[in-house]
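Open the model in your viewer and keep the selection panel at hand. We will go from one selection to the next, and at each stop you can compare the text with what is on your screen.

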Amino acid sequence: MSAQLDWERVGASYDSFGDEGLAVDGLPAGLPNGVNDKDFTGLHRIEYGLYHGQSAAQLLPVVDRLSADVATVQKDLTTDDEAGDATNLPLRVHEILEDALRDHLSGIDNQGAGMAYAETYADSQVTRVVLGEVAPLVNARIPTLVPTITAQLDTLQAALLATQSDGHWQQAAAVSWAARQRVDAAIGAVLESLSIEPDLLEVPPTH
Amino acid sequence: MSFSRRDFLKGAVVGAAGTALTGGVLIGGAHADASSTDTAPAAHDAYPFHGPYQSGILTPGPADKQNYSTFAAYDIVEGTTKNNVIDLMKTLTQRARFLAAGGTPPDLGVSQPPSDSDILGPQVPADGLTVTLGIGSSLFDDRFGLTAQKPEKLTLMKAFPNDSPDPAWLHGDLSLQLCANHPDTIHHTIRDIAKHTRGIIQPRWKIEGYNSPPRPTGTSRNLLGFKDGTANPTGTEAQSLVWVDDPAEPAWAQGGSYQVIRIIRMLVEFWDRVSINEQETMFGRRRDSGAPLDGNNEFDTPNYKADPHGNVIPLDAHIRLANPRTPQTENQRIIRRSYNYDLGVDTNGNIQAGHIFVAYQQDIQRQFETIQSRLINEPLIDYVQPFGGGYFYALPGVTDTDDWYARRLLT
């Protein structure tokens, strides 16, 4: 899981690393043979294998392939294919948590580990980083927005940590209804605030 | 064309109307009742938001209720303070006030996502929307310091012996009843309310309901094929049964009403394999016309005194148990404002559909619970499964633009 969380913190969202990113983090849905498809590789393929009783012999080639694919991403990180257009950075701020809500909290990308809350926590950390990068631009337009978002990220992180048991992340299915609602409320509130940011940065401060 | 049995008996109805009526025969025991109307429910473009009472209960009343609805329950999330709840109530009031009147959503400019979803077009029509907000007994726990203000008769809905309770479909801190003339208005409204309240309340359950047109006349039918709501009290009688006015209830609660929501699955495949005679005996009414079994027209009043052993309308018939029509049971009557629902299919390929039973009254225990207790083990229970809903307190009305939902409770 720590590999998955590191990947989250790299801020790969909205297919930002293209096909090379998919090799690392792709899901079986959409592949002709689903979980048995030869193109289902990477972190989620390993997760699936671990939670469905597959042997080390079966999974070691997957791990080797993953190492190679991560190295590819690293090598190509500064190319336009991967780093993308710098003007996409404002979009990235809200997309990371929108993806968390859509893919992690919904359970749709769970291949057995059920670590939606841990992954979303990692996504909230990287959101803070990206928010910091665009903060000067936002402050020049709406001075109260960054403080509001920051406070709402605090609320979200507190709500996510409240899903833990004895300081350990739990499977999403084990979390109480009230704790789940608290996370849903917190991520909903911060996303409403974050949604202002992309359009805001399209216009100059004196609009 | 609208005429009453009384007019017919006085010989006032002639021509085609008279010809139609001469085919009917008065069965001994039934009494002529107030005029039955053949007209469809009147749809209005808008209902008032402000007033001493919330709309959506008697405005419009059950006979004219809007054709589409949703019933949703919400929980107030952990960490919410009483001041947050006050903000929530003010926000809900602002949204409901705007949407119930219709109007132009504000243009927030290019620097933000739009304020409205455009589901109803750029000018939001009221489209007959009523918003009715209720609060559950859980709101009066130790979270907000409101325990001493709880309405006297408000509890969690109890499980009756024939219920199949599903925790995912039960209870909630708040209930929201939305009714409107079209289903897209319902969707637009609940989506708007969610957008403004996400951080404080989260949905617990939600179900859409629809009202059928008169088929062919009279009260609309439920999904067992029977006209549903025929005997609803109306006019001042309804008001005297619905609005809370007991001085023993808290001052803030005066003008509210106890709301019972019961989501009841109907086993329609099983039902369609039952003989018409058996169905009518279980209800106590004719299925085609809605007439009581001792009568001829839907709005005839059953005469139980003339049938003490239940030879015509059985003693365990649904309508007889629900309303025995004695002086003692008069103040036990409720106002039903129910809807049909359709969900998908169950794991056996059977349709998941049924009844959103909605009742309003001034005293849940004297009224709804007394009736429902009489209905325990009635023959109908084989074909229905109550699994969801809850007891809520429908708030008093928002009186004017300075007022907001539950202001007198929270300040």
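Begin by selecting strand 3 of chain B, residues 174-180, where 7 of the 7 residues are buried, so the strand is largely enclosed by the rest of the structure. Here a residue counts as buried if 20 or more other C-beta atoms, placed from the backbone, lie within 10 Å of its own, and strands are DSSP runs of E of at least two residues, while helices are runs of H or I of at least four, both numbered from the N terminus. This is a predicted model, in which local features need pLDDT of at least 70 and side-chain atom pairs count only at pLDDT 80 or more, whereas totals for chains, interfaces and linings use all residues. Residues are numbered from 1 along each chain as its sequence is written, and chains are lettered from A and ligands numbered from 1 in the order in which they are written.

Now show the side chains of this strand. In a regular strand the side chains alternate between the two faces of the sheet. In strand 3 of chain B, B:Leu174, B:Leu176, B:Leu178 and B:Ala180 point one way, and B:Ser175, B:Gln177 and B:Cys179 point the other way.

Which strands pair with strand 3 of chain B in the antiparallel sense? Strand 1 of chain B (residues 68-76) does so over 7 bridges, and strand 2 of chain B (residues 130-135) over 6 bridges, where pairing requires that DSSP finds at least two bridges between the strands. To find individual bridges, select B:Thr70 with its partner B:Leu178, and then B:Leu133 with its partner B:Leu176.

Next, move to chain A and select helix 3 (residues 43-51) and helix 4 (residues 56-75), which pack at an angle of about 165 degrees with their axes 9 Å apart. The axes are lines fitted to C-alpha atoms over the stretch in contact, and angles run from 0 to 180 degrees between N-to-C directions. That angle makes helix 3 of chain A roughly antiparallel to helix 4 of chain A, a description used for angles over 145 degrees. Among the residues that make the contact are A:Leu43 and A:Ile46 of helix 3 of chain A and A:Leu59 and A:Val62 of helix 4 of chain A, with contact meaning that C-beta atoms, placed from the backbone, lie within 7 Å.

Finally, just after helix 3 of chain A, select A:Gly53, which takes a positive phi of about 70 degrees.

How values were computed. Angles under 35 degrees count as roughly parallel, over 145 as roughly antiparallel, 65 to 115 as roughly perpendicular and the rest as oblique. Two residues are in contact if their C-beta atoms, placed from the backbone, lie within 7 Å. A residue is buried if 20 or more other C-beta atoms lie within 10 Å of its own, exposed if 12 or fewer, and partly exposed in between; C-beta atoms are placed from the backbone.
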